[in-house]
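Here are a few friendly notes on the aromatic rings, to read with the model open beside you.

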Amino acid sequence: MAQATYDNKSLLVLRGFVAMSANSLWLMVLQLGYAAITSRLLTPDAFGSYAVALAAVGLTGMVGGSSLELAAARRSEESAHLDRALMAAAGIVGTAALVITVLVSEPWAVLWHSPGSAPVTKVLALSLPFAALQGVFAGILRRKGFSASLAVTTAIMQSLALAVGLAAVLIIEDAWTLAVSPVAASAFAALALALRMPGGWRQPALPGSASIPDLTFSVKAAALNLMRYASRSFGVWSIGRFAGTDALGAFNRAATLTTVPLDSIQRSFTYALYPEMRSGGPVHRSPTALNDVLLLVAASAVLLAGTGFFLAPVLVNVLLGPGWEQAALLAGPAVLLGVVPMVSAPLGTALEAQGRFRPTVISWAVSVPAIGLGALLTYELTSPLPAVIGLVIAGLISIPVLSVPLWRQGLLDPANVLLGLRSLLVIQAVFSTLLFAVHTAVGNALVGALVMGLVVAVEAALLWLGRERVPAFTVLRSRLG
């Protein structure tokens, strides 16, 4: 495997990723405990209402300032005025998103056949202005190279928010209390990051003509994110509409325990990579840098998919207890739903950071039919599984579509990456077969978890002993050494 030549600054990509991933793992442990407790206090219908509220707030959040963070992170020059203008824009659009979400909460509940979701949506919408401001602060700090310390600050605030949210659920035991934790997380993080900003950066300023490039990029990114989120939400909507709110709640629990933690890890890498991938950035100065990046994330995806697909049902069954059998059934595909973006997201990041949106629009367009087919089968079968599988297939389709323009640009050599994955794919295929045999023989019982854990431990030991022959480990050690 060819080795890239990084300068010291570009080491922040991997070091920032390691720090952010460590904090993501810490939060994952806390969220597992939070999920285990709340799932025993509230019904699947309550979590279905929460999932509907998340879809509403996620959709309005796409046009409510989330893309302003990307504009702040990718800008090459430092400018207090331009950053302050982004803060003002975040406050304005975040507040507008809050008002719009509250106004549409009732019609949204009717659309999803979930009358109990309206109050949850209204409470969750309070997070939108804070999330927009938090995003701009985070984008500025990422651009300045503070990804690692940013991760620590965010993790601390989210830990406090989980405690506040859990207290609310324990005391009140109503569906809307599930929104307390994300609202508190956004508010706490926005305040903490604001305090980390230099004094001259804290006062908002009205955007002027100099802000047009940032705002134009933000609008384009928001439009693309909106298309992605809308198509994904359509698949989730089909679960609630055609399989029922309880099924939607089961999917929400499965995703919370599997997809969400993996999304956090993937997002950690994207956050660290984004400023480095802008035109003229450090990654562009090394012809094999993106190959190494993709090899690392693809290797992680192979290991997580090959083991997590079989372990996740047991994990969900043990953590959530009786009454969540459907969540356990969906847990394996939900793992894949979190793993696939680990490969596709860095590819999209490499393109978007350069302002190249056309390839990502094409990848979205060719993946939509898979989502539509999954939703159609969910309608026909009244089962949530086809919709989830459709979302997974849509993500897989986007990977080759995003790879082609990067290959033509000379930043990516897919054949070289696949060659580096060859030994790992063979090893994982063998151990995935063993896990499948255990799962078939034992099922989701606790004894199955113990046997599967032993299989995974043997695989980990084998990989460690043979680490010198696994290119991904060699690249990781060279980048962090």
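1. Start with a cluster: F234, W237, F242 and Y379 are linked by ring pairs. Rings of Phe, Tyr and Trp (its six-membered ring) pair if their centres lie within 6.5 Å; planes under 30 degrees apart count as stacked, over 60 as edge-to-face and the rest as tilted. By this rule there are eight aromatic pairs.

2. A word on the source: this is a predicted model, where local features need pLDDT of at least 70 and side-chain atom pairs count only at pLDDT 80 or more, while totals for chains, interfaces and linings use all residues. Residues are numbered from 1 along each chain as its sequence is written, and side-chain values use heavy atoms, with hydrogens and water left out.

3. How far apart are the ring centres of F242 and Y379? They are 5.1 Å apart, and the planes meet at 70°, so this pair is edge-to-face. F242 belongs to helix α9 (residues 212-243) and Y379 to helix α14 (residues 358-381), so the pair ties together parts 137 residues apart in sequence. Helices here are DSSP runs (H or I, at least four residues), numbered from the N terminus.

4. Is F310 buried or partly exposed? With 11% relative accessibility, F310 counts as buried, while F436, at 48%, counts as partly exposed. Buried means under 20% relative accessible area, exposed over 50%, and partly exposed in between (1.4 Å probe, protein chains only).

How values were computed. Helix = DSSP H or I, 4+ residues; strand = E, 2+ residues; numbered from the N terminus.
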